[in-house]
Amino acid sequence: QPMRAFLRRRILWASRLGTASITVVSVFASWQGATTRAAYLTGWLLFGAMVLLTGYNWFKKIPYLPLGRSEVWLEFHLYAGVFTGLLFLLHVRGRWPTGWFEILLAGLYAVVMGSGILGIIISRGWPKRLTARGGEVPFERIPLVRRALCEQAEALALKSVAELKSATIAEFYARRLQSFFAGPQNFLSHLVEVRLPLNELLNDLNDLNRFLNESERKVAAQLVELVRQKDGLDYQHALQLTLRLWLFIHIPVTYSLMLWSIAHIVLVYGFSAGAR
């Protein structure tokens with residue numbers, strides 16, 4: 001049942017997007033030959049759509065108003081965002097704008113669209129990935145857990161020197177593990193699910209076993225477990241940080257786009273009035 005409802009919603013929104021797109025393209029094609037102001041149609045539609053999309057962020061902050069379910073607004077935001085891509089292409093007539101003002105305006109739009117697409121991907125996919133890798137650590141606690149793992153690893157390295165009278169593990173820790181435990185590692189690898197850095201580190205630890213006695217191997221095994229825990233923590237940090245950061249790009253650039261769009265409208269009407 002939930003899957004059927006999900007598919008029905010997707011089909012409904014896709015059909016709305018298709019209908020709106022066909023209507024706008026048809027009207028634009030008929031107006032383009034009849035008037036020199038067809039760009040005004042796409043321009044105002046594009047600006048109106050951006051106003052509604054920007055308003056989504058404000059609608060979320062006033063839940064007591066009867067504006068409908070947040071889920072519906074989110075779906076509208078996604079499909080309307082795609083629709084603006086068509087309006088943008090029609091407005092610029094498929095060519096890259098010229099002049100620094102238009103290039104900047106188009107660049108802002110590209111960043112907003114790109115960050116929006118990225119936001120869809122990570123907001124839908126990242127939570128599932130975090131759940132699949134085990135219990136989620138609250139983002140604010142990640143530095144505390146990291147510090148605890150680092151202290152445990154350092155204690156094991158020192159123990160190998162003090163109790164086992166051997167510097168092999170301590171030297172390996174200083175050479176390969178100290179920087180690993182000191183802070184977040186392999187950010188991009190975690191985002192794209194590449195485990196090569198972790199496997200290389202584990203292989204080095206496995207090779208180290210050839211030079212260790214039985215007591216040292218027990219310490220090395222504990223280090224392996226700490227390395228796995230630290231890698232899982234870095235995975236949590238990379239995904240959670242991305243979930244937080246993309247909005248700090250998408251929303252400010254959206255507001256910048258709106259301001260530049262208003263300036264664009266003023267300039268267009270100012271020049272058209274002056275040309276009469």
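**Charges over rings**

Exercise 1. Find which ring face Arg129 lies over, and the distance from the ring centre.

Solution. In this predicted model, Arg129 is placed over the face of Trp126, 4.6 Å from the ring centre. The cut-off for a charge over a ring is within 6 Å of the ring centre, together with an angle within 35 degrees of the ring normal. A second case is Lys230, which lies over the face of Phe180 at 4.5 Å from the ring centre.

**Ring pairs**

Exercise 2. Count the aromatic pairs, then classify Trp13 and Tyr79 as stacked or edge-to-face.

Solution. Step one: centres within 6.5 Å make a pair, and the count by this rule is ten aromatic pairs. Step two: the centres of Trp13 and Tyr79 are 5.9 Å apart and the planes form an angle of 15°. Planes under 30 degrees apart count as stacked, so Trp13 and Tyr79 are a stacked pair. Step three: Trp13 belongs to helix H1 (residues 2-34) and Tyr79 to helix H3 (residues 70-91), so this pair ties together parts that are 66 residues apart in sequence. Both Trp13 and Tyr79 are buried.

Exercise 3. Classify the pair of Trp100 and Phe101, and state whether Trp100 is buried or exposed.

Solution. Trp100 and Phe101 are 5.8 Å apart centre to centre, with 75° between the planes, which is an edge-to-face pair. Trp100 has a relative accessible area of 64% and is exposed, whereas Phe101, at 15%, is buried.

Exercise 4. Which residues do ring pairs link into a cluster with Tyr40?

Solution. The cluster joins Tyr40 with Trp44, Phe47 and Tyr269.

Definitions and conventions
Residues are numbered from 1 along each chain as its sequence is written. This is a predicted model: local features need pLDDT of at least 70, side-chain atom pairs count only at pLDDT 80 or more; totals for chains, interfaces and linings use all residues. Side-chain values use heavy atoms; hydrogens and water are left out. Rings of Phe, Tyr and Trp (its six-membered ring) pair if their centres lie within 6.5 Å; planes under 30 degrees apart count as stacked, over 60 as edge-to-face and the rest as tilted. Helices (H or I, at least four residues) and strands (E, at least two) are DSSP runs, numbered from the N terminus. Buried means under 20% relative accessible area, exposed over 50%, partly exposed in between (1.4 Å probe, protein chains only).
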